[in-house]
Amino acid sequence: MDPVPTTVPALVTGASSGIGEHFAVALAERGHALTLVARRRDRLDSLARRLRREHQVKVAVLVADLETEAGREAVAARLEARGPWILVNNAGFGTRGAFVESMPGVSRQSWRSMSSPSTASCERSCRGMSPRAPAG
Ligand SMILES: NC(=O)c1ccc[n+]([C@@H]2O[C@H](COP(=O)([O-])OP(=O)(O)OC[C@H]3O[C@@H](n4cnc5c(N)ncnc54)[C@H](OP(=O)(O)O)[C@@H]3O)[C@@H](O)[C@H]2O)c1
């Protein structure tokens, strides 16, 4: 498969730590402009400064809580404003060990927040992107 041209920008949700941060670094290394999404602005701003300095790429920060309709709409609006994009829809959280063993330590709200950001924002974002997808 051909690599995506570096003229295509990337939007990474959950870019303030963990896997999302690593995706953002890898995409910046390849030369893609980036939009970094999460709730913690300080961490996003810090990563954005580092990526601009080390890789000379354009980096925008979008603070959004993807558990909220407003947060998902903000991301979808950014994606719809231009395109195509590389979308790394990674926001959520992980637990360690067996699922049943991790359940007591995680609130119901937190379980919702793990599933809701990734699935709902993917649905909302891809709805707007699909008409622009290349045929085939
Ligand atoms: N680590 C693993 O072994 C593993 C395995 C399988 C799947 N995954 C999945 O991979 C993803 C990343 O995991 P990770 O280990 O890198 O977790 P992590 O280090 O906790 O990072 C989670 C990221 O998601 C963001 N996030 C969480 N809730 C959000 C919300 N409501 N709105 C916006 N951003 C939100 C966090 O940013 P803020 O807190 O700043 O908002 C953070 O940037 C998760 O979806 C996880 O379920 C992880």
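In strand S2, Leu 36 is the bridge partner of Val 12.

First, the basis. This is a predicted model, where local features need pLDDT of at least 70, side-chain atom pairs count only at pLDDT 80 or more, and totals for chains, interfaces and linings use all residues. Residues are numbered from 1 along each chain as its sequence is written. Helices (H or I, at least four residues) and strands (E, at least two) are DSSP runs, numbered from the N terminus. Two strands pair if DSSP finds at least two bridges between them.

Back to the strands. S1 and S2 pair in the parallel sense over four bridges. Between them the chain passes through H1, and this β-α-β crossover is right-handed; that is, with the strands pointing away from the viewer, the path from the first strand over the helix to the second runs clockwise.

S1, residues 10–13, also pairs with S4, again in the parallel sense and over four bridges. There, Ala 10 stands opposite Ile 86.

Which way do the S1 residues point? Ala 10 and Val 12 point one way, Leu 11 and Thr 13 the other, and all are buried, meaning 20 or more other C-beta atoms within 10 Å of a residue's own, with C-beta atoms placed from the backbone.

The whole open sheet has four strands in the order S3-S2-S1-S4, with parallel pairing. S3 (59–63) and S4 (86–89) are at the edges with a single partner strand each, so one side of each has no neighbour in the sheet. The twist averages 15° from one strand to the next.

Now the helices. H1, residues 18–30, lies across S1, S2 (34–38) and S4, and runs at about 165° to S1. Axes here are lines fitted to C-alpha atoms, for helices over the stretch in contact, and angles run from 0 to 180 degrees between N-to-C directions.

H1 packs with H2, residues 41–55, at an angle of about 25°, the axes 10 Å apart. The two are therefore roughly parallel, a label for angles under 35 degrees. The contact (C-beta atoms within 7 Å, placed from the backbone) involves residues including Ala 24 and Val 25 of H1 and Leu 47 and Leu 51 of H2.

Methods. Two residues are in contact if their C-beta atoms, placed from the backbone, lie within 7 Å. A residue is buried if 20 or more other C-beta atoms lie within 10 Å of its own, exposed if 12 or fewer, and partly exposed in between; C-beta atoms are placed from the backbone. Angles under 35 degrees count as roughly parallel, over 145 as roughly antiparallel, 65 to 115 as roughly perpendicular and the rest as oblique.
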